[in-house]
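Here are my notes on the model you sent, as numbered points. Please read them with the structure open.

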Amino acid sequence: MATSQRSRNRRSSSSRDRAPRHVEPVLDPTWQNPYAPAAHERHTHAAAVRRFALKRRLPQTIVVGVVALALVAMVAMAWWLALLGLLVAALYAYDLRRVVMAYDRRGHTLAARMRDEFKVATNDTHRQRLATVLDRLAATFGVDDVTPLIVVDEGYNAALVPDASGYVLFVTSAVMEDFELIELEGVVAHCLARQRLGLLARESVASVVSMSNESRRALAGDGATFRADEVAAATIRYPLGLAGALRRCARQVLPAGSFFTSSTYDQWRWIFFDVASDASASDLSSLDDVELRARALEEW
């Protein structure tokens, strides 16, 4: 009898040991979603324009700095020369700050230039379709004051461009005619993701300021489109729609006369969804290549 009781106690104890135990959740206050735009990313992209503006004024800054220091060093000869040196430095610092801040606004002229470059499409069905997609996704991404505009071109492309009063979303008529709804959503989501990442300022300035192609690429952010794909796909939770849009761009053959074969596109390319529409072959070593971007999303 005692043996039987001990056996039952052991079985009961064993059952309690095997029973699932409640584990208190441990929250990590430092955790951040890797697919959400981070504050440091936006800060980095905003600082890129300021660094570029300062670099452009570097020769003048050096000259003014040398003159100001030389005048200050003459304080033993005449106190007013040192005061003059400090005044020169202060005035130049004020002017430099004004110039740097003006660079942020220079990109706002791009939307007007693009309106002049393209012919606006008049298909009401396409216009309503784009407006519906944009309204839903703009709310999801938290982006206000976006004006949709369909432009006539047989090439697949789109761009969200800063304007003085907000943003203009340019989408080609070829996209509206050929892309499935989920593919169009992917394109629009990608463009809105660039705004959330803070990329539009540096991309638009790279489009309007005279410089070399390598300098444009560096200012716009080499490989930044890949990161915008991540943010867009994670937000709409359907990477294959965006991947399908990229696949179409990779397979397209641009007709003669398309804007995306022009020298103007070569200057503005970094603001567009497909930054290499005019490329004759894929470059899988580049994170901006549409073929590579599509493969990455298909494997997600």
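1. Helix α5 (residues 110-117) lies across β1, β2 and β3 and runs at about 130 degrees to β2. Helix α6 (residues 124-141) packs on the sheet as well, where α6 touches β1 and β3. The direction of α6 makes about 145 degrees with that of β1. Helices (H or I, at least four residues) and strands (E, at least two) are DSSP runs numbered from the N terminus. Axes are lines fitted to C-alpha atoms, for helices over the stretch in contact, and angles run from 0 to 180 degrees between N-to-C directions. Contact means heavy atoms within 4.5 Å.

2. A word on the basis of these notes. The model is predicted: local features need pLDDT of at least 70 and side-chain atom pairs count only at pLDDT 80 or more, while totals for chains, interfaces and linings use all residues. Residues are numbered from 1 along each chain as its sequence is written, and side-chain values use heavy atoms, with hydrogens and water left out.

3. The sheet is open and has three strands in the order β1-β3-β2, with mixed pairing. Its edge strands are β1 (146-151) and β2, each of which pairs on one side only. From one strand to the next the twist averages 25 degrees. Two strands pair if DSSP finds at least two bridges between them.

4. How many bridges join β2 to β3? There are six, and β2 runs antiparallel to β3 (residues 166-172). These two strands form a hairpin with two residues between them.

5. Strand β2 (residues 158-163) is an edge strand, yet six of its six residues are buried, so β2 is largely enclosed by the rest of the structure. Buried means under 20% relative accessible area, exposed over 50%, and partly exposed in between (1.4 Å probe, protein chains only). In a regular strand the side chains alternate between the two faces of the sheet. In β2, A158, L160 and P162 point one way and A159, V161 and D163 point the other way, all of them buried.

6. The largest pocket holds about 300 Å³ of space. Fifteen residues line the largest pocket, and H108, Y167, G198, L200 and A201 lie nearest its centre. At least two lining residues come from each of α2 (39-56), β2, β3 and α9 (200-208). The most come from α2, with four residues. A pocket here is an open set of points on a 1 Å grid over the protein atoms alone, where a 1.4 Å probe fits, with protein on both sides within 12 Å along at least five of seven lines; lining residues have an atom within 4 Å of a point. Grid points are joined across faces, edges and corners, and the volume is the space filled by probe spheres set on the points.

7. Eight of the nine residues of α9 are buried, so α9 is largely enclosed by the rest of the structure. Among the buried residues of α9 are L200, R202, E203 and S204. L200 is also one of the residues nearest the centre of the largest pocket.

8. Over the whole structure, a search finds zero disulfides (a disulfide is a pair of cysteine sulfur atoms within 2.5 Å).

9. D145, in the loop between α6 and β1, has a phi near 60 degrees, a positive value in a residue other than glycine. D145 is exposed, with a relative accessible area of 57%. R237, in the loop between α11 (224-236) and α12 (239-251), also has a positive phi near 60 degrees. R237 is exposed at 74% relative accessibility.

10. L240 sits in helix α12 and is partly exposed, at 45% relative accessibility. L240 and A294 are 54 residues apart in sequence but 8.4 Å apart in space, C-alpha to C-alpha. Leaving aside residues up to four places away in sequence, L240 touches L297 and E298.
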